[in-house]
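Me: I should like to go through the reasoning behind several descriptions of a protein model. Please set each value against its criterion.

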Amino acid sequence: MNASLGVGLLANVGVSVPATVDFAREIEQAGYAGVWIVEYEYDATALAQAVAAATDVVVSGTCITRAFTRHPISMAETAALIDCLAPGRFVIGLGTGPLKAADPKLDMQRWGQEWDRPVARMREYLQVLRRALSGEMVTYQGEFYELQNVQLDPAPPSGHVPIYIAAGGERMSRVGGAEADGVFVHLADREMTERSLEAVAEGAKEAGRDPSQIEFGNLIMTCVDDDRDAAYAAMRHWLVDFYLNMPSYQKVIERAGYADTANSIRERLASGDVAGASASIPDALVDEFTVVGTPLECEQKLAEIVSWGTTVPIVYPFPSRGDWLECYRRSVEAFAPAARL
């Protein structure tokens with residue numbers, strides 16, 4: 001395995017905040033490079049700060065936190081303080097977040113916050129954030145953000161806080177190549193990975209940057225179990241429960257050639273048949289988009305995904321037997337050899 005920043009593990013789904021912080025120490029001791037936090041209905045940066053303060057060498061990062069709920073200067077101030085606690089060990093991971101329906105009669109929205117024209121807005125957000133994190137006095141006049149004579153105090157002592165963005169589409173991937181230190185993809189098969197890498201390279205070259213310097217992260221859904229049938233059954237459930245109930249992710253599998261599966265999922269969910277929706281997912285789809293099976297099978301599949309061009313593989317564990325913390329420990333053990341390479 002040749003992941004430039006090493007293997008990380010997403011550690012905060014299904015467990016309490018104190019348990020996440022405690023478990024981060026176990027992840028670090030097992031040789032992992034990163035402990036990553038995904039944002040739900042709480043502040044992922046606050047939890048990432050707690051992880052950074054509780055560990056010694058591991059990277060603590062958000063994968064991802066919602067950009068639209070924070071002004072870029074506010075994000076920069078938070079990142080600078082975390083960098084004071086753990087110099088060089090915090091990574092900002094940003095995304096637009098999912099659409100949310102506040103009322104069935106209303107259009108889908110992002111928590112009532114403006115985030116129209118997300119690609120253009122994200123580009124400006126990154127520009128403001130990067131300039132603020134430089135520690136210099138910043139004046140900026142854009143379409144979405146305007147500020148005059150703003151300077152962080154304290155500035156990040158490490159001198160550089162990496163910024164990654166979630167890039168579900170090629171336009172956002174190009175923005176990542178032009179403005180960010182890295183991009184994240186999720187639920188990405190090989191074809192999507194290759195398209196995203198090409199778009200990142202295009203964006204980097206257009207901005208006069210070296211594409212090889214842009215990290216490529218992949219948040220990889222995993223389910224490890226000695227009983228591979230149990231692992232596959234569990235992953236089918238989690239795919240529908242977490243992601244394939246949303247139109248955006250249904251389009252992802254449609255583009256990958258699974259239009260019939262997407263239609264079946266929609267029809268069964270509409271009638272309330274969640275179990276049937278999960279059962280309609282073929283093994284081939286599970287294999288293309290996730291890492292599932294015995295510990296050896298999972299380790300081999302992770303190595304394959306890294307070979308596609310992933311430099312920041314992030315293991316995203318899901319339980320096969322209902323216990324989240326147990327599934328985390330099983331995953332840590334299964335991928336520890338790869339994490340130590």
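This is a predicted model: local features need pLDDT of at least 70, side-chain atom pairs count only at pLDDT 80 or more; totals for chains, interfaces and linings use all residues.

Me: How many helices and strands does the protein chain have?

Reply: The protein chain has 13 helices and twelve strands.

Me: What makes the protein chain as compact as a globular protein of that length?

Reply: The globule rule gives 20 Å for 341 residues, and the radius of gyration of the protein chain is 20 Å, so the chain is as compact as a globular protein of that length. Its C-alpha atoms fill a box of roughly 60 × 50 × 35 Å along the principal axes.

Me: What share of the residues counts as buried, and on what criterion?

Reply: Buried means under 20% relative accessible area, and 53% of the 341 residues count as such. The chain exposes about 14700 Å², of which carbon and sulfur atoms supply 49%.

Me: How do you know that the span of helix 1 agrees with its number of residues?

Reply: Helix 1 covers residues 17–29; at 1.5 Å a residue, these 13 residues should span 18 Å, and the end C-alpha atoms are 19 Å apart, which agrees.

Me: Which residues of helix 1 are buried?

Reply: Thr20, Val21, Phe23, Ala24, Ile27 and Glu28 are buried in helix 1.

Me: Why is serine 16 said to cap the N-terminal end of helix 1?

Reply: A side-chain oxygen of serine 16 lies 3.2 Å from the backbone nitrogen of alanine 19.

Conventions
Residues are numbered from 1 along each chain as its sequence is written. Side-chain values use heavy atoms; hydrogens and water are left out. Helices (H or I, at least four residues) and strands (E, at least two) are DSSP runs, numbered from the N terminus. The expected span of a helix is 1.5 Å times one less than its number of residues. Buried means under 20% relative accessible area, exposed over 50%, partly exposed in between (1.4 Å probe, protein chains only). A polar contact is a pair of N or O atoms within 3.5 Å; within protein, one must be able to donate a hydrogen and the other to accept it, and residues adjacent in sequence count only if both atoms are side-chain atoms. The radius of gyration is taken over C-alpha atoms; the globule rule is 2.2 Å times the number of residues to the power 0.38. Accessible areas come from the Shrake-Rupley method with a 1.4 Å probe; for residues, only the protein chains shown count as cover.
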